[in-house]
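Here is a short report on one protein chain. It starts with aromatic contacts, then turns to fold, surface, salt bridges and confidence.

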Amino acid sequence: MASRRALQIGGATVGVGAVYYLYSAGGNPSVAEKKLEHNISAAGARLKGQDTSTKEAQKKAEVVAKEAGATLDRTVDTVREEVRQADRVITAKMHEAGSKLDQLKDDGSKKFDSAYKDTSKELQQTADTFDKTVNQKTAEAKSGISSWLGFGGK
């Protein structure tokens, strides 16, 4: 009866273990089988004094390092491309600003030339009008003085 009881306890333990591995593998029996084989192998190595956890840790560290290196490389490449794009945009904006500045200088120069010509023309007209008025008033004054002195012909 004791052997039968031991067999029942052993069977229940195997059943609970199977459920545990199946549950931890997300219900995938092949993954559960691999985990079980791995744990049995690791337990056997520990019993023999050959701890494989250090080797496994090194392998996992190498995998993680490779993944981290690849992620870092992708990030650096992405940043470099973004910097190149920003440089292209900045260069284009600088050229655009230079073109606008040249256009503003040309427009300002044209406006200045136009204003200079208009002002010169107005100044010339004013000077001509002034000269004409002075000549006319001088002629009137001469005739008035001549008539006072009796040189006038009236």
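## Aromatic contacts

A search of the whole structure finds 1 aromatic pair. Phe112 and Tyr116 form it, and the pair is stacked, at 6.5 Å centre to centre with 20° between the planes. The rule takes rings of Phe, Tyr and Trp (its six-membered ring) and pairs them if their centres lie within 6.5 Å. Planes under 30 degrees apart count as stacked, over 60 as edge-to-face and the rest as tilted.

Both residues of the pair, Phe112 and Tyr116, lie in helix α3 (residues 53-149). They are 4 residues apart, about one turn of the helix. Both Phe112 and Tyr116 are exposed.

## Basis of the model

This is a predicted model: local features need pLDDT of at least 70, side-chain atom pairs count only at pLDDT 80 or more, and totals for chains, interfaces and linings use all residues. Residues are numbered from 1 along each chain as its sequence is written, and side-chain values use heavy atoms, with hydrogens and water left out.

## Fold and surface

The protein chain has 3 helices and 0 strands. Along the sequence the pattern is α-α-α. Helices (H or I, at least four residues) and strands (E, at least two) are DSSP runs, numbered from the N terminus.

The protein chain has 154 residues, and 3% of them count as buried. Buried means under 20% relative accessible area, exposed over 50%, and partly exposed in between (1.4 Å probe, protein chains only). The accessible surface of the protein chain comes to about 13,600 Å². Carbon and sulfur atoms account for 61% of that surface. Areas come from the Shrake-Rupley method with a 1.4 Å probe; for residues, only the protein chains shown count as cover.

## Salt bridges

The count comes to 5 salt bridges. The rule asks for a side-chain nitrogen of Lys or Arg within 4 Å of a carboxyl oxygen of Asp or Glu. Glu81, Arg84 and Arg88 are linked in a network of salt bridges. Arg84 meets Glu81 at 3.0 Å, N to O. Arg88 meets Glu81 at 3.3 Å, N to O. Arg84 and Glu81 sit 3 residues apart in helix α3, so about one helical turn separates them.

How exposed are the members of this network? Glu81 is partly exposed at 31% relative accessibility. Arg84 is partly exposed at 43%, and Arg88 is partly exposed at 47%.

Another salt bridge joins Lys137 and Glu140, at 3.9 Å, N to O. Lys137 and Glu140 both lie in helix α3, 3 residues apart, about one turn of the helix. Lys137 is partly exposed at 48%, and Glu140 is partly exposed at 41%.

## Confidence

The protein chain averages a pLDDT of 81, and 80% of the residues score at least 70. pLDDT is the predictor's confidence in each residue, from 0 to 100.

Where is confidence lowest, and where is it highest? It is lowest in helix α1 (residues 2-24), at a mean of 70. It is highest in α3, at 87. Where pLDDT is low, the predicted coordinates should not be read in detail.
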